[in-house]
Amino acid sequence: MILDIENLRVSINAKGTRTPVLRGAHLQLEQGKILGLVGESGGGKTMVCKAILGVLPESARIESGAIRFEGRDLLAMPARERRGLLGRSIAMILQNPMTALNPVFRIEDQMTDVLRLHAGLDRAQARARALEMLTAVHIREPERVLRHYPHELSGGMCQRVVISIAFSCSPRLIIADEPTTALDVTVQHQILRLIRELQRKTGTSVLFITHDLGVVAKICDSVSVIYAGRILESGPVERIFSSQHHPYTQALLDAAPRYDRPDTALHPVSPELREQLAREAEEFDRRVDREVAHA
Amino acid sequence: MLEVENLHVALPDRGNKRVFGRPPLIEILKGIDLRVSAGETVGLVGESGSGKSTLARALLRLYPLSAGSIRFEGRDITNLDEHELRPLRARMQIVFQDSQSALNPRLTIGTALAEPFVSYGRASDSREALKLAAGLLEHVGLSASMAARYPHQLSGGQRQRVGIARAIALNPALVVADEIVSGLDVSVQAQVLDLLRRLRAETGMALVLISHDLSVVRALCERVVIMQHGVIVEAGPSETVFNSPQHPYTRKLLRAIPLPEVDPAWIDSVDIDEVAT
Amino acid sequence: MRALLRNPKFLFGAFVLLALVFVAAFAPWLAPHDPMAQSLLNQLLPPRWAKGGDPSFLLGTDTLGRDLLSRMIHGTRPALLVMIAGATLSGLAGVVLGMLAGFFGGWLDTLVSRTVDTFMSFPPMLLAIVLAAAMGPGLGTVVISVVLIGWTRFCRVVRGEVLALREQEFVTSARTIGVSRSRILFHELLPNLLPLVIVLLGLEMGRAIVVEAIMSFIGFSSSGLATWGSIIADARSYINQAWWAMTYPIVAIIVMVLGLNALGDGLRQATDPVLQR
């Protein structure tokens with residue numbers, strides 16, 4: 001188990017009111033696998049991601065739980081050591097490749113900086129490694145791309161560069177937050193394929209955050225569905241995409257149009273289901289509160 | 001109702017601005033032919049750079065045309081000036097992708113929705129216009145109390161409903177919807193698509209639905225037009241195009257859509273295009 | 001409104017401004033002496049609390065034996081006039097020209113922008129001095145110099161903002177529902193410019209006071225009036241004997257400038273619907 005999140009409770013405390021955003025979330029990512037974390041916006045996907053990276057907003061408080069990376073709890077680790085893991089052992093691929101890269105630096109500087117900082121390479125070694133990585137993400141003229149600024153590249157190209165940076169320090173975990181949402185479908189396919197290919201080659205584990213169940217079905221080994229800060233179900237994709245799944249997962253599937261089934265009506269997630277889930281979440285909250293009080 | 005022939009549009013290339021004089025023009029649309037009948041729903045599909053959003057605006061004469069002609073309800077509108085277009089603008093409307101930027105951040109929803117009634121003299125005074133605006137809000141499934149709010153206080157789905165409400169305020173014959181559900185959660189997307197479907201049935205308006213998502217287009221449109229690099233590569237009834245796509249680009253687009261079914265072969269199925277700069 | 005009363009910046013600024021208005025309005029009643037009355041017996045008295053101070057001259061006197069407190073109090077009147085007239089007029093001129101230039105572009109924009117450049121390329125005080133030489137000293141000269149120096153700032157910033165706003169979809173959207181160009185400019189764009197203009201006005205008022213002081217200092221303001229600048233100018237010649245005389249107007253100017261900047265900032269924070277979540 002490379003990443004094991006256990007009973008993670010996070011709340012936002014603003015103006016005297018406490019709003020739970022993660023209610024005892026559990027997440028398990030096996031070594032060398034891709035885990036999809038899927039849900040609607042506001043469901044807590046981003047909070048999980050921020051909690052792992054230690055970039056929760058000021059007003060957020062971690063109330064309980066553990067985030068174990070290779071068996072060590074990130075939350076109990078000294079801040080310095082934790083920062084040391086980021087970039088080297090844990091890397092990040094963001095949704096918007098254009099803003100993930102700094103617009104005033106050439107691709108070469110952005111790639112080599114990371115390598116010199118985290119892998120301790122010298123300038124020439126870093127450049128060689130950067131070229132190697134750009135070739136690995138199927139960029140045809142890596143030497144030329146190195147000289148460019150981010151705005152001179154297309155969105156798909158930028159995402160390739162971001163991916164090559166993420167993989168360049170041979171991280172053991174990559175967190176990909178909606179990495180293809182801003183891209184065209186054909187480019188999305190290329191990027192998904194690229195992530196899969198590099199992941200297989202390097203044996204890295206990936207936490208893949210997305211709202212698109214279609215993407216999950218195609219790239220992930222297992223999936224966790226999150227709603228209102230609670231993981232509703234987890235399991236291998238084969239099971240979740242067969243008939244045995246949570247009503248909410250079914251509701252998400254029913255809401256998305258499919259070009260191969262034009263005549264099925266589109267159903268938004270029903271208010272009744274949302275109400276029921278909210279009730280369950282509150283009950284769950286109270287139960288955990290009682291357990292905490294007991295202990 | 002809408003007939004577009006050999007439409008060419010070129011826009012200034014701001015990225016290549018020269019020190020002196022005007023920036024060079026780049027041709028975005030290279031000869032588009034399109035017909036939309038009254039009450040029909042046409043899907044316009046393409047990826048970024050295909051020119052679909054430019055076409056949306058050009059159809060409503062929001063961009064200058066460099067060649068070609070547009071006829072709307074039997075009248076040639078190719079060379080009409082803004083003054084002559086004004087009465088026609090009530091008949092053709094657009095809903096924008098970015099609902100945040102499409103609404104003035106400093107006007108309340110009520111004021112924004114009253115605007116079309118005021119500017120076309122459909123309301124005798126501002127109070128009546130606000131009343132009509134409240135009616136519009138309820139028509140698109142929002143509460144009339146939203147009128148007092150500002151755009152940033154609404155969710156993306158709610159803002160998009162406001163955009164739709166504003167477009168249908170004057171009972172147009174044609175509504176162009178430019179990527180209006182991209183960026184919304186699937187559930188909200190289903191609601192907005194459902195709303196469009198209902199309004200189309202109620203008002204008999206024609207709808208040009210622009211989207212990068214073939215599944216969205218398939219759910220709503222009778223006819224579909226596929227664009228790439230400023231030209232139409234394939235067009236026809238949805239049935240035909242989706243069941244037996246002719247153009248390789250259409251086939252590629254369809255294959256690239258990840259359906260929610262486990263299929264380990266999919267990820268390796270299409271060749272990765274090596275992208276050069 | 002409630003947000004305004006909770007905003008410390010606004011409260012501080014409003015207090016400073018109200019205090020200034022109050023003192024200016026009731027100057028003849030508040031001032032213990034005639035600001036012009038000379039008294040050779042009371043030359044260079046130190047403030048009351050210092051050794052040798054006279055209880056009837058709270059802040060002491062200058063070389064001509066004039067009461068500094070009374071001169072400070074009467075000095076609020078020209079300061080207020082220059083501040084309000086100068087900032088409002090330069091704001092008006094700059095905003096109108098900036099909006100027109102940004103919105104319509106073309107030759108109008110070129111004309112306005114080049115004029116701004118020309119004005120900005122002169123050292124501002126040189127401009128004021130040339131003007132004063134042509135018009136003769138007086139408060140009117142001071143106000144006009146403030147406007148000549150100040151309008152370019154408003155104009156440049158507003159033009160840039162309008163250029164950015166013009167590209168937003170809500171402007172296109174307003175066009176499609178038939179809103180006229182002047183209504184777009186004043187109904188849609190102006191509310192979006194207000195927060196910016198308010199901040200600029202605060203800054204400009206502060207700057208106007210400084211310009212007035214400088215003009216008085218070099219003797220281009222009205223010679224028959226007690227102004228803060230003239231107190232500084234007079235005090236310069238006897239700074240070795242009475243350092244305090246110069247301190248009062250300098251402190252007053254600093255407090256005013258800070259207060260006005262805070263007022264503008266606070267007003268913007270409290271009235272901006274977007275900032276107010």
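Start by selecting L59(B). Setting aside neighbours within four places in sequence, L59(B) is in contact with L2(B), V4(B), I70(B), V176(B) and V208(B). Contact here means that the C-beta atoms of two residues, placed from the backbone, lie within 7 Å.

This is a predicted model: local features need pLDDT of at least 70 and side-chain atom pairs count only at pLDDT 80 or more, while totals for chains, interfaces and linings use all residues. Residues are numbered from 1 along each chain as its sequence is written, and chains are lettered from A and ligands numbered from 1 in the order in which they are written.

**The cores**

L59(B) is among the residues with the most contacts inside the largest nonpolar core, which has 173 residues.

Now select residues 155-168 of chain A. This is helix α7, and it gives the core its largest share, 8 residues.

Show chain B by itself. It has 11 helices and 10 strands. These are DSSP runs, helices being H or I of at least four residues and strands E of at least two, numbered from the N terminus. Of its 277 residues, 47% count as buried. Its C-alpha atoms fill a box of roughly 60 × 50 × 40 Å, taken along the principal axes.

Colour the two domains, whose bounds come from an automatic or database domain assignment. Domain 1 of chain B is 1-91 + 174-183 + 201-257, and domain 2 is 100-169. Their C-alpha centres lie 26 Å apart. Where they meet, 5 residues of domain 1 of chain B are in contact with 6 of domain 2 of chain B.

**Between chains**

Bring chain A back. How many residues of chain B are in contact with chain A? There are 37, and they meet 43 residues of chain A. On chain B, select α7 (186-203), α8 (214-220), α10 (248-256) and α11 (266-269); each gives two or more residues to this side. The largest share, 6 residues, comes from α7(B).

Last, show chain C. Chain A and chain C do not touch, and their nearest C-alpha atoms are 13 Å apart.

Terms used:
A nonpolar core is a set of buried Ala, Val, Leu, Ile, Met, Phe, Trp, Tyr and Cys residues joined through C-beta atoms within 7 Å. A residue is buried if 20 or more other C-beta atoms lie within 10 Å of its own, exposed if 12 or fewer, and partly exposed in between; C-beta atoms are placed from the backbone.
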